[in-house]
Amino acid sequence: MTVLNNLTNLIRMARGATSDPTPRGTVLNIEALGNQPKSSLPFRVTSEEEDAHHALFEAGLFLARQDAWATLGDRIREADAARSQTPGGVPEADILAEGARADAVTAATRAVAAGDEMSAASIMNDMQLVLEETPQDYGVAYVVAMAHIDIGWAWRGEGWRQDIPAAHRAAFFRHFQSADRLIDPYDAFELDSPMLASVRCALLAAETQPRTRASDDYEDLIDLAPGVAKYMRALGNHMLPRWFGSHERLSHEAHRTMERTADVWGTGGYTWTYLDALTVDDEAFALLDGDLFCQGIQDILARRNDQHTVNSFAAYTGTALESEGVNRDARTHIADCFDWIVSDYLHEIHPRIWYAAKGVWASRLEDQDRLVKGRQRASAALDRHAKGLPPVTAPRRPDA
């Protein structure tokens with residue numbers, strides 16, 4: 001008898017439905033939207049990266065719903081060992097695990113939102129029973145550990161520490177402690193497993209003295225998988241003052257990461273480490289070497305020019321970068337990159353990337369509206385490029 005019968009029932013009660021937790025949304029006929037851009041570049045409703053992500057997520061979701069945990073664990077471990085990535089560079093093991101825990105996390109999160117601690121705890125208690133069916137399988141342990149981390153964040157929320165109710169904060173720590181216990185028996189280096197090392201970095205949020213461990217934990221992770229940009233971007237974000245570092249530590253780690261990953265990315269490690277930090281903290285520009293950041297973009301796109309990555313940098317340099325703020329010289333250099341990115345590398349437009357680039361996902365627009373908004377932003381930026389005008393992200397000249 002499967003150990004997940006009760007879990008399935010709890011999920012159905014908490015969710016009130018058994019629908020797919022990640023619907024693909026309405027397929028939009030882009031050509032019917034009007035306002036055609038003055039560019040011959042095609043707009044893709046779904047990209048190669050999005051298709052790959054969807055297929056992997058659905059595979060993990062399907063195997064979990066079939067209680068095929070041994071097969072799922074094998075697939076996750078194999079993808080982790082092979083460092084398999086999507087066309088845009090996301091570890092396949094991460095996405096398989098995300099799909100595998102989606103039902104439980106969705107149900108538990110809804111229970112958290114309703115203040116039903118008993119139902120949320122029951123869902124996770126039953127999910128942990130799958131480990132009895134797959135002993136010593138660190139692929140399955142990773143799925144359950146990440147589910148605990150997701151639910152822990154659902155309890156904590158995104159507010160300041162002092163604004164979190166004591167009971168919610170206690171639940172946050174309990175889930176993180178459970179995740180820690182699950183992966184503690186496994187050594188990431190002995191198993192050559194970046195996904196296990198990534199859990200250590202995710203657990204830093206519940207450490208009492210995370211600043212003393214953050215650099216070392218991320219160094220271990222990036223050394224295990226230097227080709228995964230996601231980990232360098234997370235490092236940069238966690239080096240900000242709001243997390244475990246300072247602007248000085250961010251600069252230091254960006255240079256260190258560049259040196260350690262030079263054989264993979266050239267100077268690109270510097271850019272990857274800074275990229276997300278710049279989008280959430282304007283003061284991070286203060287110590288940024290604009291020339292080095294732009295050289296890093298060139299080195300990255302010379303090595304990875306899939307259209308997901310190209311669209312990400314085009315959207316950042318052409319529409320998301322704030323034109324005013326500290327270090328105008330660096331901002332000018334970054335905005336200037338838009339011209340050669342479009343001319344040399346951009347072959348198609350991915351509207352969802354252009355929509356998300358300005359950090360507007362909190363508005364929760366429907367997918368069709370995101371596509372329209374992303375298309376409008378890309379069209380406006382490409383129109384300026386076609387007319388020989390600088391992007392809107394370029395700082396104004398003093399004499400302008």
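**Aromatic pairs, charges over rings and cysteines**

The model is predicted, so local features need pLDDT of at least 70 and side-chain atom pairs count only at pLDDT 80 or more, while totals for chains, interfaces and linings use all residues. Residues are numbered from 1 along each chain as its sequence is written, and side-chain values use heavy atoms, with hydrogens and water left out.

**Aromatic pairs**

- Searching the whole structure gives 11 aromatic pairs, where rings of Phe, Tyr and Trp (its six-membered ring) pair if their centres lie within 6.5 Å, with planes under 30 degrees apart counted as stacked, over 60 as edge-to-face and the rest as tilted.
- One of these pairs, tyrosine 138 with tyrosine 186, is tilted, at 6.0 Å centre to centre and 55° between the planes.
- Ring pairs also join Trp153, Phe172, Phe173, Phe176, Trp243 and Phe244 into a cluster.

**Charges over rings**

- The charged end of arginine 331 sits over the ring of phenylalanine 285, 3.9 Å from its centre, the criterion being NZ of Lys or CZ of Arg within 6 Å of the ring centre and within 35 degrees of the ring normal.
- Arginine 375 lies over the face of phenylalanine 43, at 4.6 Å from the ring centre.

**Cysteines**

- The count of disulfides (pairs of cysteine sulfur atoms within 2.5 Å) is zero.
- Cysteine 337 is in no disulfide, and the nearest cysteine sulfur, that of cysteine 294, is 3.3 Å away.
- Cysteine 337 is buried, with a relative accessible area of 2%.

Key
Buried means under 20% relative accessible area, exposed over 50%, partly exposed in between (1.4 Å probe, protein chains only).
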